[in-house]
Amino acid sequence: MDRVPYPIGPLDPKVRDLLLALPLFALVCLLVARALSRVNGLLAARREVGDSTGERSEAVRARAERERVLTEALLAEARHDAVRIPSRAEEPAAVVTAPAREDGRRAQDTAPVGDRARIDAERAAAEIELRISVSELASNLVSRMVGEGPGAPVEQGG
C-alpha cells in the first residue's frame with residue numbers, strides 16, 4: 001500500500017504523503033479562515049471609523065458655516081455702527097460749541113468802539129514798523145545767501 005490504487009496521472013502520490021498532507025492542509029485552512037475573519041473585522045472597524053470621521057467632519061463644517069454666518073452678521077453690524085458713530089458725535093459737539101460761538105459773536109458785536117480803534121491803531125503801527133525794517137531784513141537775507149556783506153569790497157580782475 002505504498003501507492004494510491006487509483007491512477008491519477010503523473011503525480012501519483014504516496015499514501016503516507018497524503019496522510020501527512022491532509023491534516024496540514026486542514027490546519028492551514030483554519031489559520032487562513034481565522035486570519036480572514038480578523039482582517040474582515042479590522043476592515044469593518046476601519047469603515048466605521050471612516051464613516052464616523054466623515055460625520056464628524058460634516059458636523060464641524062456645519063458648525064464652522066454657522067460661525068461664519070454669525071461673524072459676518074457681527075461685522076455688518078459693526079460696520080453699520082461705525083457709520084453711525086461720527087454722526088452721533090457731531091450732534092453733541094454742535095450742541096456744546098453753539099453757545100461758545102454765540103458768546104464770541106456777541107462779544108465781537110458788543111466790543112466797545114474804543115477797543116476796536118485801539119486795535120486798529122496798533123495794527124497800523126505794527127505794519128509801519130515792519131515796512132521800515134523790510135528793506136534791512138531783505139538785504140541781510142540776500143547777503144547771507146550770497147555770502148557777502150552789503151559793504152564788502154568788490155574785487156576787480158585785471
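Which residues are linked in a network of salt bridges? E65, R68 and E72 are; the legends below cover this network and other views.

The model is predicted, so local features need pLDDT of at least 70 and side-chain atom pairs count only at pLDDT 80 or more, while totals for chains, interfaces and linings use all residues. Residues are numbered from 1 along each chain as its sequence is written, and side-chain values use heavy atoms, with hydrogens and water left out.

**View 1. Overall fold and surface.** The protein has two helices and zero strands. Helices (H or I, at least four residues) and strands (E, at least two) are DSSP runs, numbered from the N terminus. Of the 158 residues, 1% count as buried; buried means under 20% relative accessible area, exposed over 50%, and partly exposed in between, with a 1.4 Å probe and protein chains only. The accessible surface comes to about 14,500 Å², and carbon and sulfur atoms account for 63% of that area. Accessible areas come from the Shrake-Rupley method with a 1.4 Å probe, and for residues only the protein chains shown count as cover.

**View 2. Salt-bridge network of E65, R68 and E72 in helix α1.** A salt bridge is a side-chain nitrogen of Lys or Arg within 4 Å of a carboxyl oxygen of Asp or Glu. Side chains of opposite charge can pair when their charged atoms come close. E65 and R68 meet at 2.3 Å, N to O, and lie three residues apart in helix α1, about one turn of the helix. R68 also forms a salt bridge with E72 at 2.5 Å, N to O; R68 and E72 are four residues apart, about one turn of the helix. E65 counts as partly exposed because its relative accessibility is 38%. R68 is partly exposed with a relative accessible area of 37%, and E72 is partly exposed with 43%.

**View 3. Salt bridge between R123 and D120 in helix α2.** The side chains of R123 and D120 meet at 3.7 Å, N to O. Both residues lie in helix α2 (residues 113-146), three residues apart, about one turn of the helix. R123 counts as exposed because its relative accessibility is 56%, whereas D120, at 45%, counts as partly exposed. A search of the whole structure finds five salt bridges, this one among them.

**View 4. Nonpolar surface patch of L20, L24, L27 and L31.** These residues make a patch of about 400 Å². Patches are made of residues with over 30% relative accessible area and no salt bridge; like charges are joined within 9 Å and nonpolar side chains (Val, Leu, Ile, Met, Phe, Trp, Tyr) within 5 Å. L20 is found in helix α1 (residues 15-110). L20 counts as exposed because its relative accessibility is 56%.
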